[in-house]
Amino acid sequence: MPCALYPALMPHPSEQPNSSDLIRGRTTVGGCELTILSDGWYLLDGGAMFGVVPKTLWAKRAPADEQNRVLLGLNTVIVRTGRHTIAIETGIGNKLPPKLRDIYGAREQLPRAFAAAQIHPEEIDIVINTHLHFDHCGWNTTRTPDGRVVPTFPNARYFAHRGEVDHGHLQLERDAISYISDNYDPLIASGQMNLLETEPGRITPVVPGISVECFPGHTAQLLAVHIESAGQHACYISDLIPTSAHLAPAWVMGYDLDPVTCIAERHRFYRRAIPEQWLVLFTHDHHTPCGFIELNDKGKPVMRTTACRVA
Ligand SMILES: [Zn+2]
């Protein structure tokens, strides 16, 4: 199926999503209800998003604006298991410095998305961050009008990998800009964030039906989130495969710390996700937030169908 990832027209920089655009899909996985909410789209350099892939190839899937930026989604998945209400990822948030907010065109829409879906932040009892780049954990905390930083989900236990916290604290030249301390350090200090130490190949349960697994490459400890219920399986694969335009194993991002490992980990993911028909949830695909993957007649992974009803 051809990939219709991006709209023909890019949004105007001041354009805000309609509240109905902020619910990107709803589906079920066994007895779990999934609602995909958006913090609003943002814009990143197309060359950085597609690494060494020439623009003549990626531009067919992701048209760039006059600044060479492509439109990306910020998908938060709410999972209701019946016993728990889980938020996977929390978008960009409202704490970016104004200059960066302008560069990325951040929209700060997740609270509106919760309201549109009639989900209260107080209902969330588990938050999982796949890694701690600012576009994945921004609404972990909220900056109030008087400048305080408070937990957005007061009743939640937060989960992230300890290695991500340690890496963020190093503030390396390569990626210091991606780590904003206020997204996690206040939660660690208060004891609200649990730090995991899972290694590649080991699956760590969080609550019944929800587990995390390390797929290194984008960062050294990137976590994927598995959702399993009644024989069905979904996986939020995060920045290992950020959009449905990135299915080709070698189409890895310039942002990836270890692109060679990313390619090997994508193959490892496909070895289970394709034959076991996992529903794959994409972190940065605004228009195809989830779907099933199959191999085409050349043996390349392609989208089979869009599994979610986009609201
Ligand atoms: Zn990301």
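Which residue in E7 is the bridge partner of isoleucine 86? The partner is isoleucine 126. The model is predicted, local features need pLDDT of at least 70, side-chain atom pairs count only at pLDDT 80 or more, and totals for chains, interfaces and linings use all residues. Residues are numbered from 1 along each chain as its sequence is written, and side-chain values use heavy atoms, with hydrogens and water left out.

Helices (H or I, at least four residues) and strands (E, at least two) are DSSP runs, numbered from the N terminus. Two strands pair if DSSP finds at least two bridges between them. Seven strands form an open sheet with mixed pairing. Their order is E1-E2-E5-E6-E7-E10-E11. E1 and E11 stand at the edges with a single partner strand each, so one side of each is left without a neighbour in the sheet. On average, neighbouring strands of this sheet are turned by 20° against each other, direction ignored. Such angles are taken between axes, which are lines fitted to C-alpha atoms, for helices over the stretch in contact; they run from 0 to 180 degrees between N-to-C directions.

Strand E5 spans residues 75-80. Five of its six residues are buried, so E5 is largely enclosed by the rest of the structure. Here buried means under 20% relative accessible area, exposed means over 50%, and partly exposed lies in between (1.4 Å probe, protein chains only). E5 pairs with strand E2 (residues 32-38) in the antiparallel sense, over six bridges. In this pairing, threonine 35 stands opposite isoleucine 78 of E5. E5 also pairs with strand E6 (residues 85-88), again antiparallel, over four bridges. Arginine 80 has threonine 85 in E6 as its bridge partner. E5 and E6 form a hairpin with four residues between them. In its turn, glycine 82 has a positive phi of about 105°. E6 and strand E7 (residues 126-128) run parallel and are joined by three bridges.

Helix H6 covers residues 162-170. Its buried residues are Gly163, Glu164, Val165, His167 and Gly168. These pack against strand E10 (157-161), helix H7 (185-190) and strand E11 (193-196). Contact means heavy atoms within 4.5 Å. H6 lies across E10 and E11, and runs at about 70° to E10. Just after H6, glutamine 171 takes a positive phi of about 50°.

The largest nonpolar core has 26 residues. A nonpolar core is a set of buried Ala, Val, Leu, Ile, Met, Phe, Trp, Tyr and Cys residues joined through side-chain atoms within 4.5 Å. Val79, Ile128, Ile210, Ile227 and Leu281 have the most contacts inside this core. Isoleucine 210 touches Val79, Thr81, Ile86, Ile128, Pro205, Val225, His226 and Ile227, not counting residues up to four places away in sequence. Apart from this core lies another, of 24 residues, including Leu132, Cys137, Ala156 and Ala160. In soluble globular proteins, nonpolar side chains tend to be buried together.

A zinc ion is coordinated by Asp135 (OD), His136 (NE2), Asp239 (OD) and His284 (NE2), at 2.0 to 2.7 Å. Donors are N, O and S atoms within 2.8 Å of the metal (3.2 Å for Na, K and Ca); water is not among the atoms, so sites may look incomplete. The angles among the four donor atoms are 85 to 158°, and the site is irregular. Four donors count as tetrahedral if all angles lie between 85 and 135 degrees; four count as square planar and six as octahedral if opposite donors are over 155 degrees apart and all others between 65 and 115; anything else is irregular. The donor residues are spaced D-H-x102-D-x44-H in sequence.

Leucine 96 sits in the loop between E6 and helix H3 (98-104). Leucine 96 is buried, with a relative accessible area of 8%. Its contacts, leaving aside neighbours within four places in sequence, are Arg101, Tyr104, Ala106, Phe134 and Ile180. The C-alpha atoms of leucine 96 and aspartate 135 are separated by 9.9 Å. Aspartate 146 lies in the loop between strand E8 (141-143) and strand E9 (149-151). Aspartate 146 is exposed, at 57% relative accessible area.
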